[in-house]
Amino acid sequence: MRTAYSVETVRAAERELMARLPQGALMQRAAAGLAAACADLLGRVYGRRVVLLVGSGDNGGDALYAGARLARRGAGVTAVLLAPERAHAGGLAALRRAGGRIVNADNAEAAIRDADLLLDGIVGIGGKGGLRPDAARLAAVADSARCAVVAVDLPSGVDADTGEVRGAAVRADLTVTFGTHKPGLLVDPAREYAGSVRLVDIGLRAVLPPEPVLESLQHADVRRLLPVPSGESDKYRRGVVGIAAGSARYPGAAVLAVAGALRGGAGAVRYVGPAGDAVLARFPETLVSDRGPKQAGRVQAWVVGPGAGDDASAVGEVLASDVPVLVDADGLRLADRAAVRARTAPTLMTPHAGEAAALLGVPREEVEGARLAAARELAARYDATVLLKGSTTLVADTGGGTVRVNPTGTAWLATAGSGDVLSGLAGSLLASGLGALDAGSTAAYLHGLAGRFAAHGAPVGAHDVAEAVPEAWRDVTEV
C-alpha cells in the first residue's frame, strides 16, 4: 500500500530522524537517490547537459548535491540560482568543486533549451500558491524545451497537502520524492504535474505515525479484501444486492448497474424499477420486482439512484432500510440529507464532481481544483462514506481519518454509463460484507483496471467495462 503524509508530519519525522544522524546525512541520502534516478533517466551520464533550477530551500540543496554527483560522473551541470544570496551553501560548494557552473536567472534560457535534463529544485513541500514570476518564466521555458524534467520531492508550484494548483507550476516527467509520498503526488490536479513518481527511502518510515493522510491500495491489498466463495457458499451467502434504478427515459442505467453487480460477484441481484424487461432481456438471472424496495425481498445491500429520474419514492424506501446503501446519480439529488445522516447502517455516496458541487453548493471548478477537501467536506455533511469519482477517485470515510485514492483509473472511463457499472460493482461488494470504505475503494480499483483492460488505448463503452471486470478480478487474485 502506498501512503502519503502531510507536510507537518513529514517535517516532524525529518527533525526526529536528523537528531539521530550525523549533520547533513539525510540530505545526502536524498541527493544520492535523486542523482541515481536522474542517471537512470538519462541512460548515459557522461557528456549530458544538466540544468538545476535552484531555490532557497532544502530542495535547492538536494538539487545542488545531486548535480555535484552527476558532474563527477562527467555531466555538464549548470545551476540557475533564483535566490543567489539564499542558496544552500554546502550544496553550492559541492557543485563548484565538482566542476559545475553557476548562472543567474536572467541568463538561463539558453542553458535550459540546450539541456538534456532539468532538475526542479525551486520550491519545497512547504510552498503555497503558484510560482513567482522569474520561476514561472523558467518553468515555461522548460515546458517548451525538449529536455526531461525531474522534480525534487514535489513539482514546484503545487500544494503538497491538498493537490491544488493555484498558479504557474512545473510540469515534471518524473518526480523523485523522499521518505514518503505527499498527498499532492496522488491527487489531481497536482498529480498530473508530477509525471511518474519514484520514492527514495531515506529512513523516514521508522519515525512516521501509523495513520497517513492518504493511502492507495495495490494488488495485494485488494486481493486480501475481495470476497472468495467457499465450499459452503450459496447465492444468499455470497450476498444479494438490490438495485433500484432506471426509468422510462434511462432504462440502460438499470441494465448497466445490474451488469456491474453480477460481474462484481453478487450471489443474486434483485432489481426494482420500471426497466425490468430491459434487465431480463440482458440478464435473465436477475430477480425482478415491480412492487418497490420494501416488497422486493431480503437483500444484504441496496444500490439506488442510477437513471432514476425524478422519482424519490424508491430513494426514501431504500434509505429507511437497515442494510448498507449506495446512493448514486439521481439518488444523490433526491436523497434527504437528514435521512442519510439518521441511518445506522453504512451509506456510500458516489458523486462525480458536478454532483458533489451541487450537494456542497459550490462551482464544479472548486471541487475539481480541491478534490481532497471536497470529499472530506461531503463525508462530514452527510455522515456517510463518499466516493468522489474523477481523474483520481477518492474515498473519504465518515469521521475523517485516512482517505483512499485510487491509482488504476483511465481517461477511457469517461463514458456514459461507466458510473452505473461502478455503482453495481460497489453494491455487490457491500452485499458481500465489506464495509463502505473497503467496498468503495476496492470497486474503484477493479473498475479502473477493467477500464484499462477493455480499452487497450481505444474508445470503449460502459458495457465493455462491465464485461472486463472479471478479467480485472483475475489479474488481482492470480499470484
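Predicted model: local features only at pLDDT ≥ 70, side-chain atom pairs only at ≥ 80, totals over all residues.
Residues are numbered from 1 along each chain as its sequence is written, and side-chain values use heavy atoms, with hydrogens and water left out.

**Helix 2 against helix 3**
- The axes (lines fitted to C-alpha atoms over the stretch in contact) of helix 2 (residues 25–42) and helix 3 (residues 58–72) come within 8 Å and cross at roughly 55°.
- That makes helix 2 oblique to helix 3, oblique being whatever is left after under 35 degrees (roughly parallel), over 145 (roughly antiparallel) and 65 to 115 (roughly perpendicular).
- Contact here means heavy atoms within 4.5 Å; helix 2 brings residues including M27, L34 and C38, and helix 3 answers with residues including Y65, R69 and L70.

- Most residues other than glycine have a negative phi, and most peptide bonds are trans.
- D153, not a glycine, has a positive phi of about 75°, and is found in the loop between strand 6 (148–152) and strand 7.
- The D188 to P189 peptide bond is cis, with omega near 5°.
- P189 is in the loop between strand 7 (174–178) and helix 7 (190–194); helices (H or I, at least four residues) and strands (E, at least two) are DSSP runs, numbered from the N terminus.

Methods
Axes fitted to C-alpha atoms, helices over the stretch in contact; angles between N-to-C directions.
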